[in-house]
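I kept them in the order in which I looked things up.

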Amino acid sequence: MLFVQVMQGVMEGIFLFLIASGLTLIFGVSRIVNFAHGSFYMVGAFLTYQIYPFIAEGTTLGFFATIAICGLLVAALGLLFEVFLLRRVYHAEELMQLVLTLAAVLIIRDVTKFIWGLDDVSVSLPDALAGAAVIGGTYLPTYQLVMVGVGVAVLAAVWSFLKFTHAGIILRAATDDRGMVALLGTNQAHVFSWVFAIGCFLAGIAGGFAAAFESINYLLDTRVIVLAFIVVVIGGLGNFYGALYASLAVGILKALGLLFAPRLSMVIIFLLMAVVLLIRSLRRTTE
Amino acid sequence: MNGDARSQPALKVRGLHKEFGRFVALDSVDLTVDEGEIRAIIGPNGAGKTTLINVLSGQIVADRGSVEVAGRRLSRQHPHQVAKLGVGRTYQISSTLRRMTVFDNMLCAHNAVSGHWFSLRAGRLRAMEDAVLADLKTIELDGLADRVVDDISHGDRKRLEFGMVLATRPKLLLLDEPTAGMGLRERHELIDLVLAVTRERGLTLVFVEHDIDVVFKAAQSITVMALGGVFAEGKPDEIAANSAVQDIYLGGNARC
Amino acid sequence: MARGEGTRSNPETAPRRRDAYSIDWRVVAAVVLLQAILLAVSPPLLVFALIEVMIFALYASALNLLLSFSGMVSFGHAVYFGLGAYGLALSITHFDFPIALGIVAGPLVAAFFGLVYGILCVQLTAIYAAMLTLACAEVTYAVVFQWFDVTGGDSGISGHVPTMLGLAPYQFGLVVLCVVTVAILMLWRVVYSPLGLTIRAVGQNPARAAALGHGRKSVQLIAFVISAFFSGVAGTLFGIFHGNVFPDYVGVLFTVDGLLMVVLGGLYSFGAGIYGAIVYKLLDNLAAHYFQYWQLVVGVIIVVVVLVSPSGIAGLVRRVANRFGGRL
């Protein structure tokens with residue numbers, strides 16, 4: 001029972017990681033706290049629901065292809081948002097940036113309602129993924145294993161991107177020291193745009209997987225963005241690896257919380273965040 | 001140095017040490033500044049000058065060492081507590097209240113030391129107006145009183161910042177590059193103002209400065225810093241004659 | 001911009017009276033009178049909308065004290081709004097307070113939680129502090145939502161106070177008008193007093209304020225408690241207006257409403273909360289009847305405000321006033 005719940009937590013953690021890693025990368029380079037990230041996730045879910053029937057529904061390949069396409073579509077949407085709106089407020093006050101992304105949440109939600117209505121929808125998993133595997137005498141749903149695989153793959157991809165590619169090195173430099181990017185002669189605007197698109201791609205595929213595992217509706221955005229923020233804050237804003245640990249911690253804590261204290265699981269997570277924040281503030285010697 | 005032998009030095013620093021990671025920003029710095037003295041701190045970039053000012057004003061807590069201001073030892077005080085001990089500072093990049101008018105900036109300074117900063121009586125602000133205008137006249141900014149700080153020139157902002165610090169009636173002034181980024185004429189105008197006020201009120205002045213002309217014009221004594229430590233110290237003519245100082249500083253990258 | 005001694009120092013500048021601190025009673029009287037007339041002649045539906053506008057004008061103005069002046073962002077301000085309403089309800093249902101005392105208790109409960117959460121939140125700065133306000137708010141929401149025995153959970157509390165104190169809508173509207181006017185004038189007093197100047201200095205530049213001798217934490221805490229108190233006043237009024245209280249009152253939607261109002265109204269101006277509440281709540285009450293997707297409209301308006309006119313409605317009002325030579 002405990003093991004099953006922990007596995008459930010790990011899976012939830014991986015979902016969170018897909019979303020939070022994008023959020024934290026975006027914050028790292030552009031210092032934007034993007035409330036609309038959950039909305040992009042939601043759009044990814046609805047797009048998967050919309051497109052899947054047209055792409056070899058029921059086959060595993062079609063499933064993954066759909067999710068990849070949706071990820072790209074969401075990335076394109078994110079790019080539009082970044083280029084036409086967000087880019088204009090990089091030098092404005094923090095609150096203006098926040099409110100602009102908040103406005104995007106409102107707009108995307110109403111458009112979602114308009115297109116897909118208010119009812120729950122879902123996507124059925126391809127047969128190959130709908131079963132269960134036996135590991136150590138416990139039945140585990142195949143999709144959980146698939147999600148672990150997806151999580152590892154994304155982690156490896158982003159890690160090697162950050163580590164080995166030219167763009168990744170610039171990105172890390174930008175996270176550590178924003179002035180440095182200008183010194184390197186890199187076109188800062190391009191770095192911001194690419195990171196935003198990558199973040200949205202990750203949110204989009206997370207939404208795509210979510211569509212297959214749970215029913216989705218227009219309220220998905222707020223539900224997920226709050227958790228993603230908690231993860232990003234616990235992991236340290238802009239800290240990619242911190243987001244990984246925090247995602248897993250929050251995912252497992254939430255799953256165990258549901259087991260032992262179902263009514264308090266969110267409270268526990270918020271308290272964790274508050275404690276982490278306050279401890280960090282004690283360690284700082286300067287302001 | 002003609003400080004009063006009976007009184008405490010205005011500033012006494014012993015063995016001050018600060019590291020950022022593996023970078024030694026301050027390497028056992030000793031510094032004694034007498035009351036009424038005008039001391040320049042010079043040195044190449046990265047010598048630890050600004051770090052020293054930041055430690056002295058409470059912004060950064062040193063790893064080791066002691067700081068005494070007029071005989072009172074500082075121990076991990078916050079900047080606002082250090083300010084209350086009579087230490088006024090300006091920043092390399094002027095630090096003012098950019099969305100307020102010049103007048104309101106100065107009003108803030110008066111308000112801060114009025115002892116009634118938490119009052120709800122607007123009348124207390126009105127009562128400060130004459131003093132605020134007088135201070136603006138002193139720093140020759142009264143003509144810009146109603147301008148928003150964002151709209152005035154860089155040099156005027158530096159001037160305003162200095163004026164705000166003066167208004168808090170400090171005994172020890174710490175100025176971090178008071179003339180950085182200013183034109184030649186502005187630069188000398190401002191330093192003349194600083195000198196006039198400092199002498200008139202008998203203040204102690206410690207300033208970091210890159211402009212050698214300004215340094216030799218203003219300072220009674222000079223501390224040369226390099227690699228986080230005190231490299232040399234003495235009267236301006238001694239420093240000018242010191243060939244080692246000329247090597248590391250005057251001859252090398254005298255200007256940044 | 002011309003630079004030189006001539007512009008800098010002007011010996012002819014006479015000491016001026018700086019009217020920014022004083023309240024222009026003519027404007028106050030005109031607004032109150034207009035609002036009273038509107039309340040008296042409007043049909044009930046519009047009276048309800050006007051009451052809501054007034055309550056939210058106070059709530060947004062209280063939030064604006066933080067956003068525009070103290071340099072803090074609160075992602076959980078509905079907590080203090082909602083706790084006003086819960087303070088009123090719980091003091092009556094659980095402590096048998098008479099209604100009059102309950103009405104006093106509401107804002108005090110809000111201020112108390114403002115103090116407790118504020119002590120935590122001012123330890124941090126910028127976005128970290130904002131995230132902590134969110135955490136405090138979510139924990140409070142969870143407790144209110146799930147502590148069924150005390151708060152009634154999802155179904156809230158009702159019947160503890162007669163809706164609108166049993167008054168006719170326009171009569172209650174006049175009561176709200178009085179309370180909100182006095183409260184907003186008090187907020188004005190705060191902002192344009194020595195304390196307000198201190199709060200603004202710390203909000204704009206904590207480092208400079210510290211060098212002048214102001215500790216950031218204590219000053220921001222004072223602002224936080226004041227803001228929580230007046231949000232609590234608004235929440236208490238809202239609780240009386242509807243005669244009930246639900247967990248939603250402390251929820252994230254009310255928080256977002258407040259933030260949007262302030263930005264719509266125009267950051268860094270005292271009137272932001274008032275202007276924002278008028279436009280936002282009238283849109284909410286009226287447009288929502290005709291157009292299902294009114295949030296879309298709000299979103300687009302906010303985008304336009306942020307990108308085109310960051311000074312919001314207040315900036316617009318200022319520009320118009322300047323054109324006609326008046327001062328606002």
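I counted ten helices and ten strands in chain B. Helices (H or I, at least four residues) and strands (E, at least two) are DSSP runs, numbered from the N terminus. I am working from a predicted model, where local features need pLDDT of at least 70, side-chain atom pairs count only at pLDDT 80 or more, and totals for chains, interfaces and linings use all residues. Residues are numbered from 1 along each chain as its sequence is written, and chains are lettered from A and ligands numbered from 1 in the order in which they are written.

**Overall dimensions.** I looked up the C-alpha trace of chain B, which spans about 55 × 40 × 40 Å along its principal axes. The radius of gyration of chain B is 18 Å, in agreement with the value near 18 Å for a compact globule of 256 residues. That quantity is taken over C-alpha atoms, and the globule rule is 2.2 Å times the number of residues to the power 0.38.

**Burial.** I noted that 49% of the 256 residues in chain B are buried (20 or more other C-beta atoms within 10 Å of the residue's own, with C-beta atoms placed from the backbone). Helix H1 of chain B, residues 49-56, has seven of its eight residues buried. Among them are B:Leu52, B:Ile53, B:Val55 and B:Leu56, and B:Lys49 is also on the list. Just after H1(B), I found B:Gly58 with a positive phi of about 85°.

**Side facing chain C.** The contact takes 45 residues from chain B and 32 residues from chain C (contact: C-beta atoms, placed from the backbone, within 7 Å). H3(B) gives the largest share of the chain B side, five residues. By class I recorded 19 nonpolar, 13 polar and 13 charged residues on that side. Ala, Val, Leu, Ile, Met, Phe, Trp, Tyr, Cys and Pro count as nonpolar, Asp, Glu, Lys and Arg as charged, and the others, Gly among them, as polar.

**H3(B) against H6(B).** How do these two helices pack? I found an angle of about 25°, with the axes 8 Å apart. Axes are lines fitted to C-alpha atoms, for helices over the stretch in contact, and angles run from 0 to 180 degrees between N-to-C directions. H3(B) and H6(B) are therefore roughly parallel (angles under 35 degrees). I listed B:Val102, B:Asn105, B:Met106, B:Ala109 and B:His110 of H3(B) in the contact, with B:Leu160, B:Gly163, B:Met164 and B:Ala167 of H6(B). These residues divide into six nonpolar, three polar and no charged.

Notes. A residue is buried if 20 or more other C-beta atoms lie within 10 Å of its own, exposed if 12 or fewer, and partly exposed in between; C-beta atoms are placed from the backbone. Two residues are in contact if their C-beta atoms, placed from the backbone, lie within 7 Å. Angles under 35 degrees count as roughly parallel, over 145 as roughly antiparallel, 65 to 115 as roughly perpendicular and the rest as oblique.
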